[in-house]
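I record what I looked up, one entry at a time.

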Amino acid sequence: MLLKLIKTRQFISGAHCEVWEMNHLTGNRLLANVFVLNEHLPLELIYRLTVHRTGIFIQDKQCGWQWDSQNVETAVTEYLQSVQEIREEIRIEVCVPEPFLPGYPHVDRNPDDYPIVLGDFD
């Protein structure tokens with residue numbers, strides 16, 4: 001299972017983030033909105049995520065997310081525990097949102113055959 005922690009708004013103390021489940025079969029879905037302090041915010045990479053009774057851990061460190069509500073935290077934690085119980089590995093990618101460009105990333109904005117204009121501009 002692949003999750004994405006997308007940093008939507010950066011602040012001095014941390015970042016508002018969205019936690020998304022990425023699934024090509026059933027479609028991507030938003031699991032929760034969280035606030036992550038800078039000291040708990042991992043670099044923009046992909047990490048192993050594990051769930052214990054005491055919470056969610058990224059690379060064996062408590063994630064330190066501040067949830068919108070206790071109910072959301074409980075629901076997401078229980079869902080991830082059920083995924084983990086069937087021995088499916090959970091990975092989380094920390095990233096920023098994709099830019100709003102039609103066709104991104106499949107459109108080359110700087111094609112090799114772009115015309116080069118040479119001339120005298122005196």
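Is R48 buried, partly exposed or exposed? I looked up its relative accessible area, in a model that is predicted. R48 is partly exposed, at 29%.

**Entry 1: R48 and D60.** I found that R48 forms a salt bridge with D60, with the closest N and O atoms 3.5 Å apart. R48 belongs to strand 4 (residues 46-52), while D60 sits in the loop between strand 5 (55-58) and strand 6 (61-62), so the pair ties together parts that are 12 residues apart in sequence. D60 counts as exposed, because its relative accessibility is 54% and the cut-off for exposed is over 50%.

**Entry 2: K4 and E93.** I recorded a salt bridge between K4 and E93, whose closest N and O atoms are 3.8 Å apart. K4 is in strand 1 (residues 2-10) and E93 in strand 8 (residues 90-95), so this pair ties together parts 89 residues apart in sequence. K4 is buried, with a relative accessible area of 17%, whereas E93 is partly exposed at 22%.

**Entry 3: E21.** I located E21 in strand 2 (residues 14-22). E21 counts as buried, at 7% relative accessibility. Its side chain meets that of R29 in a salt bridge of 2.8 Å, N to O; R29 counts as partly exposed, at 40%. I also noted a polar contact of 2.9 Å between the side chains of E21 and Y79. Among the other residues that E21 touches are M1, L2 and L31.

Conventions
Residues are numbered from 1 along each chain as its sequence is written. This is a predicted model: local features need pLDDT of at least 70, side-chain atom pairs count only at pLDDT 80 or more; totals for chains, interfaces and linings use all residues. Side-chain values use heavy atoms; hydrogens and water are left out. Helices (H or I, at least four residues) and strands (E, at least two) are DSSP runs, numbered from the N terminus. Buried means under 20% relative accessible area, exposed over 50%, partly exposed in between (1.4 Å probe, protein chains only). A polar contact is a pair of N or O atoms within 3.5 Å; within protein, one must be able to donate a hydrogen and the other to accept it, and residues adjacent in sequence count only if both atoms are side-chain atoms. Contact means heavy atoms within 4.5 Å. A salt bridge is a side-chain nitrogen of Lys or Arg within 4 Å of a carboxyl oxygen of Asp or Glu. Lists of a residue's contacts leave out its neighbours within four places in sequence.
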